[in-house]
Amino acid sequence: MKTIVSELLALFVDDAGLAVAIVVWLGVAWLLFHLVPAWSPVILFAGLAVILLESVFRTRRTP
Amino acid sequence: MTVTWAHAGPSMLAAFLASLVEFIEALTVVLAVGAIRGWRGAIGGSGAALLLLLAIVVAVGPALTRIPLDMVQLGLGTLLLLFGMRWLRKSILRAAGVIALHDEDAAYARESAALRGLGGIGAGWDRIAVATSFKITMMEGTEVVFIVIAVGAAGNGLLVPAGLGALAALLVVVGLGIALHRPVAMIPENVLKFAVGVLLSAFGTFWVGEGMGMAWPGADWSLLALVAGFLLTALAATLLCRRVR
């Protein structure tokens, strides 16, 4: 059972920092959606793009 | 929301490409099992896993339609983002030379050596062959099932195109396995993973936005803009990583 759970978790989490940042950003984007609904799609994508870049460059520094 | 080609096309393509990568990885191990321990156990183990996976899709897919669509989109979109951005990050790092590329020939050699060291083969079903083939097909197949459900169930009527994409990938890989009898190493796996990472990240973002109630500019067509956005971001990251090294 432990193996199945860890295998399932590994499907979604490789770099823990990346996974946490995505989930936190989705929460922030949800709050911002209520403040600036018209810009929320752009804000959602831009944040995710920055999170991806940060994770890649962080790993490149310490692979 | 009705099914348009802006959704059905990318969902079928994403499911096909992602499933192709997963089935190729499974094929490498199944071929090693067949060559070393016998084809009966290899095919039997994989066949049993495929039947179990099909039962999971049939059970889980329609069950999700009973949950409110915005909740499904938010939940599956989040999981799709975690899954897709993990793939995209890894394929960027591989393309930039930060981490090693996956090598199917090396994986085949490793698996074959491990299987040779597991003792003789008795009469009847070889348990090791059945268990090894079952395990790898379940592991890789679970990822395929998740992708089909996540890409398909978050939009009304998209489960069929996503399922057809995965089925087409299965047929292609089985056909290649029968024709070649060796690992499919000539397909540029990292390019496929890069493309799949882009598509799944775009789908995840779109579903999360839909789940939150966002009004996407251009409606369904903004999915293509998200694909372009993630593609440009990933290409820029790869180039910058290469340049700085």
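This is a predicted model: local features need pLDDT of at least 70, side-chain atom pairs count only at pLDDT 80 or more; totals for chains, interfaces and linings use all residues.

Q: Is Glu143(B) buried, partly exposed or exposed?
A: A residue counts as buried when 20 or more other C-beta atoms lie within 10 Å of its own, and as exposed when there are 12 or fewer. Glu143(B) has 19 other C-beta atoms within 10 Å, so it is partly exposed.

Q: Which residues is Glu143(B) in contact with, leaving aside its neighbours within four places in sequence?
A: Contact is judged by C-beta atoms that lie within 7 Å. With the neighbours within four places in sequence left aside, the contacts of Glu143(B) are Leu11(A) and Glu22(B).

Q: What distance separates the C-alpha atoms of Glu143(B) and Met186(B)?
A: The two residues are 43 residues apart along the chain. Their C-alpha atoms are separated by 22 Å.

Q: How many residues of α5(B) are buried?
A: Helix α5 of chain B covers residues 127-153, and its end C-alpha atoms are 36 Å apart, which agrees with the 39 Å that its 27 residues should span at 1.5 Å a residue. The helix is mostly covered. Of its 27 residues, the number buried is 20.

Q: Which residues touch the most other members of the largest nonpolar core?
A: This core has 88 residues. Helix α1 (residues 5-37) of chain B gives the most to it, with 19 residues. The residues that touch the most other members are Ala15(B) and Val148(B).

Q: Which residues does Ala15(B) touch, not counting residues up to four places away in sequence?
A: Residues up to four places away in sequence are not counted here. That leaves Ile147(B), Val148(B), Val151(B), Ala162(B), Gly165(B) and Ala166(B).

Q: Which residues of α6(B) are buried?
A: Helix α6 of chain B (residues 159-180) has 22 residues and reaches 31 Å from its first C-alpha to its last, close to the 32 Å expected at 1.5 Å a residue. Just after α6(B), His181(B) takes a positive phi of about 55 degrees. The buried residues of the helix are Leu159(B), Pro161(B), Ala162(B), Gly163(B), Gly165(B), Ala166(B), Ala169(B), Val173(B) and Gly177(B).

Q: Is Arg40(B) buried, partly exposed or exposed?
A: Arg40(B) lies in helix α2 (residues 39-64) of chain B. Its C-alpha atom is separated by 8.1 Å from that of Asp126(B), which is 86 residues apart from it along the chain. Because 14 C-beta neighbours fall inside 10 Å, Arg40(B) counts as partly exposed.

Q: What is the radius of gyration of chain B?
A: Chain B has eight helices and zero strands. The globule rule gives 18 Å for 245 residues, and the value for chain B is close to this, so the chain is as compact as a globular protein of that length. The radius of gyration of chain B is 19 Å.

Q: What is the radius of gyration of chain A?
A: Chain A has three helices and zero strands. For its 63 residues the globule rule gives 11 Å; the value for chain A is well over this, so the chain is more spread out than a compact globule. The radius of gyration of chain A is 15 Å.

Q: What share of the residues of chain A count as buried?
A: The C-alpha atoms of chain A fill a box of roughly 45 × 30 × 10 Å along the principal axes. In chain B, 50% of the 245 residues count as buried. Of the 63 residues of chain A, the share is 25%.

Q: Which helix gives the most to the side of chain A that touches chain B?
A: The contact takes 26 residues from chain A and 30 residues from chain B. On the side of chain A, α1 (2-12), α2 (16-35) and α3 (40-61) each supply at least two residues. With twelve residues, the helix that gives the most is α3(A).

Q: What ipTM does the predictor give the complex?
A: Chain B averages a pLDDT of 86, and 94% of its residues score at least 70. For the complex, the predictor gives a pTM of 0.84 and an ipTM of 0.92.

Methods
Residues are numbered from 1 along each chain as its sequence is written. Chains are lettered from A and ligands numbered from 1 in the order in which they are written. Helices (H or I, at least four residues) and strands (E, at least two) are DSSP runs, numbered from the N terminus. Two residues are in contact if their C-beta atoms, placed from the backbone, lie within 7 Å. The expected span of a helix is 1.5 Å times one less than its number of residues. The radius of gyration is taken over C-alpha atoms; the globule rule is 2.2 Å times the number of residues to the power 0.38. A nonpolar core is a set of buried Ala, Val, Leu, Ile, Met, Phe, Trp, Tyr and Cys residues joined through C-beta atoms within 7 Å. pLDDT is the predictor's confidence in each residue, from 0 to 100.
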